[in-house]
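Here's a quick briefing on ring contacts and charged pairs. Have a look at the model first, then go through the points below.

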Amino acid sequence: MDAFRIVGGHPLRGTVRISGSKNAALPILFSSLLGGEFTLANVPCLRDIRTTLSLLRQLGIHTERHDPQDGSSHTPATPEDWNGIFTLSDRDTPDYEAPYDLVRTMRASVLCLGPLLARKRRARVSLPGGCLIGARPIDMHLRAFEKMGARITIHHGYIDAETDGLRGTEIALPYPTVTGTENILMAAVLARGTTTISNAAEEPEVTDLARFLTARGARIEGAGTSTIRIEGVAELHTADYATMFDRIEAGTFLVAAALLGDRVTIEGIDPTPLRPILDVLRAMGAEPHIEDSSMTMGVIPHPVGTTVRTLPHPGFPTDMQAQILPLMAIAHGSSSVIETVFENRFTHVMEMNRMGAAIEIHGSQAMVRGESRLEGATVMASDLRASAGLVLAGLVAEGETEIKRVYHIDRGYEAIEKKLESLGARIKRVQEDQP
Ligand code: UD1
């Protein structure tokens, strides 16, 4: 297994291009199951994207990667030979089953349910299990599909769903679930009549999916607000689209800049969706210089502690919680993080404490004492964002840190070690236990 070895304390300087968003690309790729053809650019080279493409191929989607050199297409192997442009087309096969071996590695596979029901009127999807950060049920997705006219049963770990044709209805979500909103949105696009989703997720990735579907002829109003109205259409037409930037990757590099930046510029971004992250960084002393599609930031010379509550957008994203902790650990004064989205998302705290942080967990709250001097240690990554938090802790710690099980980070960050290295960080990918 791969590990990262980091020698901390080296200043970061230069420009880094932010990749396309995983969480925006996934639902857009799954929407290929709604039929027709489209071309999507700015698709990041990530393990979750490869899993999605394999699952889609199994469900009868033809996936073609564009190679500007020779026009050929093949499955890409590394970030170097991946240019992020794919054409997906539906071959209209009768496949409708998402098997356990693919779904278990990626919970977002449940995003095939809505489009399969809408287009094939049938879906059989392995029930995603729990994961380290919480139980993460999908009951809200299923209740919504039932309300739209699906019959759903669960047997032997599989969700079996079928319908004589989905119809528009009013769906009031008990919580603004992100993939739930996306799943319902995709189903509603081809449903008969009008669907209204209230208490919808307002995440920028939901808006990106809606913008893409609208480019394909869907009729959607209100994406980005808490009420989305979708008028069903008979079919979607073809379109070219580019995935939005990854705001969590951007936020991770901004924290790296706040910890060690001589002068770090992130480019390929839109500052608006970054606002909740910038508000917290500013409260801790950051002074970002913002342009239309880039942002430059340096180290915060005397970071001050703050309180953060993770919330659905436009609140502070839970996906940035692990990354803000190392900054809080070295800040003057105490800080606290209240995690309201997932019930068990502090697995990284024990590892950060082994590096010298002083963080106590009280239920859903992490109390950070501050003014700690972090020291390198051997630590274990437990999930995607926790790994990013440990990388940041390793960058600012004194001495050498080894982070084991970095396969988690490869699910959601495109070549993070190469990007950090290009800014001057001492980080390399090694085989675990390699001397
Ligand atoms: C998405 C993101 C993930 C992010 C999360 C919150 C993708 C692929 N993943 O995950 O990176 O951390 O949003 O911003 O976009 N819940 C239920 N029943 C449901 C659905 C959700 O109880 O039917 C609960 C979950 O257990 C969790 C909360 O609602 O406690 C939020 O989950 P949700 O917004 O659905 O997260 P995901 O869409 O899985």
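**Charged pairs and ring contacts**

Arg211 and Asp208 make a salt bridge, with their closest N and O atoms 3.6 Å apart. This is a predicted model, so keep that in mind as you read. Across the whole structure, a search turns up 22 salt bridges, along with two aromatic pairs.

- Asp208 counts as buried because its relative accessibility is 2%, and the cut-off for buried is under 20%.
- Glu205 forms a salt bridge with Arg247, and here the closest N and O atoms are 2.7 Å apart.
- Glu205 is in helix H7 and Arg247 is in helix H8 (residues 247-260), so this pair ties together parts that are 42 residues apart in sequence.
- Glu205 is buried, at a relative accessible area of 6%, and Arg247 is buried too, at 7%.

**Salt bridges elsewhere**

- Asp90 pairs up with Arg119 in a salt bridge, with 2.7 Å between the closest N and O atoms.
- That pair links distant parts of the chain: Asp90 belongs to strand S5 (residues 86-90) and Arg119 to helix H4 (residues 113-120), 29 residues apart.
- Asp90 is buried, with a relative accessible area of 14%, whereas Arg119 comes out as partly exposed, at 35%.
- Asp2, Asp410, Glu417 and Arg429 are joined up in a network of salt bridges.

**Aromatic rings**

- As noted, the whole-structure search gives two aromatic pairs.
- In one of them, the ring centres of Phe38 and Phe212 are 4.8 Å apart and the planes meet at 70°, so the pair is edge-to-face.
- Tyr241 lies in strand S14 (residues 239-242) and Phe212 in helix H7, so the pair ties together parts that are 29 residues apart in sequence.
- Tyr241 and Phe212 are both buried.
- Put together, Phe38, Phe212 and Tyr241 form one aromatic cluster.

**A charge over a ring**

- Arg124 lies over the face of Tyr158, 4.2 Å from the ring centre.

Methods: Residues numbered from 1 in each chain as written. Predicted model: local features only at pLDDT ≥ 70, side-chain atom pairs only at ≥ 80, totals over all residues. Heavy atoms only, no water. Phe/Tyr/Trp six-rings, centres within 6.5 Å; stacked < 30°, edge-to-face > 60°. Helix = DSSP H or I, 4+ residues; strand = E, 2+ residues; numbered from the N terminus. Buried < 20%, exposed > 50% of the residue type's maximum accessible area, 1.4 Å probe, protein only. Lys NZ or Arg CZ within 6 Å of the ring centre and 35° of its normal. Salt bridge = Lys/Arg side-chain N within 4 Å of Asp/Glu carboxyl O.
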